Amino acid sequence: MTLPQRVLLVDDEEELRRSTAQALELFDLTVDTFPNAENVLELSGFGFDGVIVSDIRMPGLDGMTLLHRVRELDAEIPVILVTGHGDVQLAVKAMREGAYDFLEKPFTPQHLAGVIRRALERRALILENRRLRAVAGKRDDVEARMPGRTQVMVDLRYRIRAIGATDADTLVIGDTGVGKEVVARALHDISPRANRPLIAINCAALPETLIESELFGHEAGAFPGALRPRYGKFEHARGGTILLDEISSMPFDLQAKFLRVLQERVITRLGSNETVPLDVRFIATSKVDLEAEVAAGRFRADLLYRLNVATVHVPALSQRRADIPLLFLQLVREAAARYGREDIIVPPDVLSLIAQRDWPGNVRELRNAADRLVLGLDPGSGEPGAAAKENGGRLAEKVAAFERNLIATEIAAHGGALKPVYETLGISRKTLYEKMQKYGLDKKMLKSSQFGDEDESGALVDFS
């Protein structure tokens with residue numbers, strides 16, 4: 001197992017940032033320094049093989065917010081927080097919310113280096129275990145981000161793993177809210193570029209008067225107000241990945257210039273005649289059919305053919321309805337962690353209603369419903385006091401509630417077919433029936449979910 005050595009150090013005080021970095025480099029640690037937290041997020045993800053050290057009290061994105069944002073990308077990235085205010089309550093809060101460690105200024109370089117070393121060892125072990133699970137065909141990072149047992153999700157994960165390890169430019173297509181950006185980040189994080197930036201560009205939000213400057217950069221004096229040279233977003237992503245969100249919204253006159261970037265991998269800053277080599281991978285997303293946009297004259301055909309070296313279609317929830325219960329439970333767990341709540345036991349009747357509903361907003365809408373449930377609201381309407389939660393009770397009651405919830409989830413996930421349920425859970429058919437009777441999951445749940453039982457051949461049989 002190779003120990004990663006990379007440290008991302010965030011502190012808005014320049015002198016302290018420089019002196020801390022120099023001290024850590026004496027301990028053979030590779031340190032990248034940042035005056036603010038925004039750029040750190042571009043380097044974080046499942047493939048990041050290092051540690052983040054951040055001051056807590058900073059203008060803009062502070063250390064606690066950075067901790068929360070990093071944990072949304074990968075909850076197992078070690079984040080070490082530093083403060084000079086001696087706030088014990090803040091330290092306890094940081095540790096409770098997932099910080100690896102908490103240091104109070106002033107600290108010795110030896111102490112900080114020791115904490116970093118232990119964090120690096122932990123991170124290296126996590127990444128190695130993930131790699132071994134993937135090799136063994138077990139649940140890996142891609143499946144953790146895009147869970148589902150339906151064939152369309154199995155095929156999606158296979159395609160992501162196959163394409164992600166390459167440098168192929170990729171087009172990700174899917175309806176609003178299906179998780180196109182999640183797919184794009186997964187492609188980046190399992191690629192050799194995982195430790196370089198992922199720069200997301202919203203093509204629909206580019207300022208019309210400054211598009212070229214934003215993307216290509218400019219030299220001093222290139223236009224009124226350009227007082228100094230500036231890197232564009234393309235150049236900022238060198239060595240990494242550029243995500244072009246909603247590529248269909250890119251202005252038509254800019255598409256020709258972007259086509260040249262794709263073909264030649266060079267850019268020319270505004271006000272300059274010199275070309276700059278560009279080592280990046282492009283991933284573009286679209287919620288509309290680009291071939292239809294080409295036919296309508298709104299998108300260049302040559303750009304489409306050059307861009308979609310590989311294409312990934314992300315299915316809507318309507319194409320994988322059997323995955324909805326399991327996905328909802330995962331989103332509930334994530335929401336509970338995000339809001340600092342205890343684990344929520346989702347009642348079977350709520351899960352049944354979730355499974356039956358249409359979700360035109362796809363995963364984004366389902367995530368909002370999970371958030372509402374965790375916040376004590378009705379997952380459908382958002383009205384307070386309507387959500388049924390089972391958080392209290394003794395250990396035996398919680399275990400029983402968890403078992404009931406697990407069985408209900410498996411039944412919903414398999415469309416009411418019970419044979420794969422007892423095979424998945426590793427219990428006998430008789431045991432499953434007894435537990436369904438014990439927890440009231442027989443006629444009541446199967447009728448409300450419009451499910452049926454099955455015989456030994458796997459055929460569905462009406463239970464009523």
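A salt bridge, the term to have ready for this tour, is a side-chain nitrogen of Lys or Arg within 4 Å of a carboxyl oxygen of Asp or Glu. The model on your screen is predicted, so local features need pLDDT of at least 70 and side-chain atom pairs count only at pLDDT 80 or more, while totals for chains, interfaces and linings use all residues. Residues are numbered from 1 along each chain as its sequence is written, and side-chain values use heavy atoms, leaving out hydrogens and water.

**Stop 1**

Select arginine 193 and aspartate 279. Their side chains meet in a salt bridge, 2.8 Å from N to O. The two partners come from distant parts of the chain, 86 residues apart: arginine 193 sits in the loop between H8 and S7, and aspartate 279 in the loop between strand S10 (275-277) and S11. (Helices, H or I of at least four residues, and strands, E of at least two, are DSSP runs numbered from the N terminus.) Arginine 193 is buried at 8% relative accessibility, whereas aspartate 279 is partly exposed at 47%. Here buried means under 20% relative accessible area, exposed over 50% and partly exposed in between, with a 1.4 Å probe and protein chains only.

**Stop 2: helix H8**

Now select residues 180-189. Eight of the ten residues of this helix, H8, are buried, so the rest of the structure largely encloses it. Among the buried ones are Lys180, Arg185, His188 and Asp189.

**Stop 3: the largest nonpolar core**

Next, show Phe234, Leu244, Ile247, Phe258 and Phe282. These have the most contacts inside the largest nonpolar core, which has 31 residues. Such a core is a set of buried Ala, Val, Leu, Ile, Met, Phe, Trp, Tyr and Cys residues joined through side-chain atoms within 4.5 Å. Elements giving two or more residues to this core include strand S8 (241-245), helix H11 (252-264) and strand S11 (281-286). H11 provides the largest share, five residues. Another core, of 25 residues, lies apart from this one; look for Val40, Ile52, Met58 and Val70 among its members.

Stay with leucine 244 for a moment. Leaving aside neighbours within four places in sequence, its contacts (heavy atoms within 4.5 Å) include Ile201, Phe234, Phe258 and Phe282.

**Stop 4: around histidine 218**

Move to histidine 218, in the loop between H9 and helix H10 (233-236). Is histidine 218 buried or exposed? Its relative accessible area is 7%, so histidine 218 is buried. Its side chain makes a polar contact with the side chain of serine 213, at 2.8 Å. (A polar contact is a pair of N or O atoms within 3.5 Å; within protein, one must be able to donate a hydrogen and the other to accept it, and residues adjacent in sequence count only if both atoms are side-chain atoms.) The side chain of histidine 218 also reaches the backbone oxygen of arginine 228 at 3.3 Å.

Arginine 269 is one of the residues that histidine 218 touches. Select arginine 269 together with glutamate 219: they form a salt bridge, with the closest N and O atoms 3.1 Å apart. Salt bridges that share partners join Glu219, Glu235, Arg238 and Arg269 into one network.

**Stop 5: backbone details**

Finally, zoom in on lysine 105 and proline 106, which are joined by a cis peptide bond with omega about -5 degrees. Then compare two residues. Aspartate 28 has a positive phi of about 60 degrees although it is not a glycine, and is exposed at 62% relative accessibility. Asparagine 362, in helix H16 (residues 362-374), has a positive phi near 60 degrees, but is buried at 3%.
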